[in-house]
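Here is a short briefing on pockets and salt bridges. Look at the structure first, then read the points below.

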Amino acid sequence: MLKKLIITLLAVISFSAGIISCSADWEDDYPWAVDGVNYCVSRGIMSGDEYGDLLLGENLTRAQMAKILSVTFGRESTGSVSFLDVESWHWSYDYVSAIEDCIKKKGLYFNGDEYVTREEFAATMMLAAGLNEWSLRNPGMLSANFYDAGDVDADYNKLLTVAVERAYMNGYEGYLYPKGLMTRAEVCTLLYRVAESMNGNITLNWYDLGVMESWTPLAGAAEITVEQAQAWARARGAAERFIEIAPTYWYYGDLFGLRPEILYAQAAKETAFGNYGGAVIPEMNNWAGIKIRNPIGDRTEDHETFATPDDGVRAHYNHMSAYVGLAPIGDVHDRYYVVKSISWAGTVENLEALGGRWCPDLYYGYSILHEYVEKMAQY
């Protein structure tokens, strides 16, 4: 229900105490923000003015941002503030102190009465929520999906991407509006998404991302030749074993009725073009990062080992068949049965829907499409 909104961050604060009585018609004016506003009001994150007006259409200031982020994420004052314009007697002093180390771009002045932009709020919120630039999964996500990606301040780019790739902040029809301001209603909705999804109380899915939509079928005949795929792999510095295994992917693609270029692209992503470098090692013949039935982490021993490179390709296809709803070929590995037990098993029709299912990254399927399949097609 929140999909097509330009979602920004934060709720508003007034200086009155306690939970206010909302005016009767605000839910009619902001039906998309009901859950978020109720969440913020019930937790004291947001309150209204002396007349009970939530002022949902007004924009958020930096001082209000400091309070809301402090309250939402339980940040405590350090007892000091370095900004020259934040006086110790001001109501925002402790809140600014609590989030000062989350402010990405700092100068001598805080300018608390100025409105905060979407990109600044997103960056500050991600740090306040405990995420950072190392949390980034998809560096090219903004440029691949938003016409105004070039408008994003370089200092905010990574943190803004972290917010978007987790479906916390949304774009709208190809625009992210990084310099735009946020209404209090939008801020409430965004805070609700972040806090409640991090607490495990709501689930955000790949279709909540707000990126440029596409629907790439997993089933079907190959649209890229094996020769194209191998030329692409060579140009990307692939290991020789990765180049050599390509015909096996096209062979099984024909048997399963799945598009081989998609699974080969996925293998490139999972194995760094056969160069590996992570927990999985080449001798495991695991082309897709498939785990054992009951892994306890992301160690080498938490991943499946297959007897030969060809067996690893067949296992990759068998694993995907559990997602799509196709019959496996030959013996199946233990993790196959884990996927088959999930409620959505057999219903995944498109590449984009792998996000949040094959791995926690909601943008996972889109990244395979934009960073691998589309580039492979150019050869």
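The lining of the largest pocket draws at least two residues from each of helix H12 (260–271), helix H13 (309–324) and helix H14 (334–340). Helices here are DSSP runs of H or I with at least four residues, numbered from the N terminus. The model is predicted: local features need pLDDT of at least 70, side-chain atom pairs count only at pLDDT 80 or more, and totals for chains, interfaces and linings use all residues. Residues are numbered from 1 along each chain as its sequence is written, and side-chain values use heavy atoms, with hydrogens and water left out.

**Pockets**

- The largest pocket has a volume of about 740 Å³. Of its 30 lining residues, Glu270, Gly289, Asp298, His303 and Cys359 are the closest to the centre.
- A pocket is an open set of points on a 1 Å grid over the protein atoms alone, where a 1.4 Å probe fits, with protein on both sides within 12 Å along at least five of seven lines; lining residues have an atom within 4 Å of a point.
- Grid points are joined across faces, edges and corners, and a volume is the space filled by probe spheres set on the points.
- By class, the lining of the largest pocket has 15 nonpolar, seven polar and eight charged residues. Nonpolar covers Ala, Val, Leu, Ile, Met, Phe, Trp, Tyr, Cys and Pro; charged covers Asp, Glu, Lys and Arg; the others, Gly among them, are polar.
- The second largest pocket has a volume of about 290 Å³. It is lined by 16 residues, and Arg166, Ser197, Leu204, Pro360 and Leu362 are the closest to its centre.

**Salt bridges**

- The whole structure holds 15 salt bridges (a side-chain nitrogen of Lys or Arg within 4 Å of a carboxyl oxygen of Asp or Glu).
- Glu114 and Arg62 pair at 2.9 Å, N to O. Glu114 sits in the loop between helix H4 (93–99) and helix H5 (118–128) and Arg62 in helix H3 (residues 62–72), so the bridge ties together parts 52 residues apart in sequence.
- Glu114 is partly exposed at 41% relative accessible area, whereas Arg62 is buried at 14%. Buried means under 20%, exposed over 50%, and partly exposed in between (1.4 Å probe, protein chains only).
- Arg259 bridges to Glu261, with the closest N and O atoms 2.9 Å apart. Both residues are buried.
- Asp302 and Arg299 meet at 3.0 Å, N to O. Asp302 is buried at 1%; Arg299 is partly exposed at 37%.
- Shared partners join Arg62, Glu114 and Glu120 into one salt-bridge network.
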